Amino acid sequence: MSDRIKGLIDKLETEHTLKKEEWVELFDGYTDETREYAAKKARGVSLENFGNKIYIRGIVEFSNVCKNDCLYCGIRASNKNAQRYRLTDEEILSCCDEGYEYGFRTFVLQSGEDYNEYPAKRIADIVARIKQNHPDCAVTLSLGEMEYDDLKLMREAGADRYLLRHETATKSLYEKLHPEKMSFEHRMTCLKWLKELGYQTGAGMMIGAPYQTSEDLADDMLFLHDFKPEMIGTGPFLPHKDTPFKDMQKGSYELTLFVLSLCRLMLPRVLLPATTALGTIRPNGREQGVLAGANVIMPNLSPTAVRKKYMLYDGKICTEDSSSECRNCLSARMKRIGYEIEVSRGDYK
Ligand code: SAH
């Protein structure tokens, strides 16, 4: 059994792809031993491509107002308990200025879907100002689904990257995780547009989302293989108390680490964060993520006053700390496992 699983991991390492039934076999049949086996190989691939350097991205969560109603998400429109906030342009820019001092050379602007207040033109202006203040920095956007012309406008203003997790490659599962008015096809179309427009594009999925099966995960891997995103964002599903999924089981920490390793083996140069959700499910989750093949960490640059309000799931870490505390804590965490934080844009190569 374990020889069979190891054989599939070896095959993935050399051929960078597997058949659907082989992916399913991996997800159904992995053990601690075979997961470690994959992690060791994935770590080797990361070291070959990036050395012991970890790229950092500073996230500014600039608004938690959202018109969408994703069933898993704590800032969904119907959550009446969420205290909503919006940062001004000046506040966003000053988060970036502060981040620059701490060595961040990528800023990620993330929010709910709040286009009335932050239309593409406003975001484009903010991006242009960040670029003007810090020409050596990359700007990543993570604003949800938008129309082609909007994505184009922001790209022309200088945005370099865009994170839009596909969430799941299975249409029927997508429909269980999202309200009827959201469209699987539109999300996939946006991803295609992002690539066309020359964004370094990030896709990804939650691990252990409600109703997710090994087949669904296999389809995610096949999709990622075909789409070839420059970045993959993936972390465990964690319930939020004010959502319809409040009583659902959280995703598996071990499976998340395993998926990270498989992503690294499949797409050796992909930019792969050890996510905040992974650090939330386990105190040293992000370190273990790096040791399983991740090469990016995305600490928070949002003002401490609003951090608790950007609660996608219960227990989210780093909501009490200041940006400089987060930065120092991460340096120390990486150092402890033999890695160093890299001060550069860290583009996909
Ligand atoms: N509005 C943007 C950003 C969403 S938040 C967008 O639609 O893309 C970023 C990611 O957090 C989501 O893509 C989702 O995969 C993840 N997320 C949301 N709720 C979560 C939960 N309860 N547990 C784990 N991850 C969650």
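Modeller: Here, the ligand sits in the largest cavity. Keep in mind that this is a predicted model.

Biologist: How many residues surround the ligand, and which are the closest?

Modeller: The ligand is surrounded by 16 residues, and the closest are Tyr-72, Ser-111, Arg-165, Glu-167 and Leu-238.

Biologist: And by class, what is in the shell around the ligand?

Modeller: The shell has nine nonpolar residues, four polar and three charged.

Biologist: What lies 2.5 Å from an oxygen atom of the ligand?

Modeller: That is a polar side-chain atom of Glu-167. The side chain of Arg-165 also has an N or O atom 2.9 Å from an oxygen atom of the ligand.

Biologist: Which atom of Tyr-72 lies 2.9 Å from a nitrogen atom of the ligand, backbone or side chain?

Modeller: For Tyr-72 it is a backbone N or O atom.

Biologist: How much of the ligand does the protein bury?

Modeller: The protein buries 91% of the 550 Å² that the ligand exposes when taken alone.

Biologist: Changing topic, where does Leu-191 lie?

Modeller: Leu-191 is in helix 8, which covers residues 184–196.

Biologist: Is Leu-191 buried or exposed, and why?

Modeller: Leu-191 is buried, because its relative accessible area is 0% and the cut-off for buried is under 20%.

Biologist: How far apart are Leu-191 and Val-108?

Modeller: In sequence, Leu-191 and Val-108 are 83 residues apart. In space, their C-alpha atoms are 17 Å apart.

Notes. Residues are numbered from 1 along each chain as its sequence is written. This is a predicted model: local features need pLDDT of at least 70, side-chain atom pairs count only at pLDDT 80 or more; totals for chains, interfaces and linings use all residues. Side-chain values use heavy atoms; hydrogens and water are left out. A residue is near a molecule or strand if one of its heavy atoms lies within 4 Å of it. A polar contact is a pair of N or O atoms within 3.5 Å; within protein, one must be able to donate a hydrogen and the other to accept it, and residues adjacent in sequence count only if both atoms are side-chain atoms. Accessible areas come from the Shrake-Rupley method with a 1.4 Å probe; for residues, only the protein chains shown count as cover. On a 1 Å grid over the protein atoms alone, a cavity is a set of points where a 1.4 Å probe fits but cannot get out, and a pocket is an open set with protein on both sides within 12 Å along at least five of seven lines; lining residues have an atom within 4 Å of a point. A molecule sits in a cavity or pocket if more than half of its atoms lie within 2 Å of its grid points. Ala, Val, Leu, Ile, Met, Phe, Trp, Tyr, Cys and Pro count as nonpolar, Asp, Glu, Lys and Arg as charged, and the others, Gly among them, as polar. Helices (H or I, at least four residues) and strands (E, at least two) are DSSP runs, numbered from the N terminus. Buried means under 20% relative accessible area, exposed over 50%, partly exposed in between (1.4 Å probe, protein chains only).
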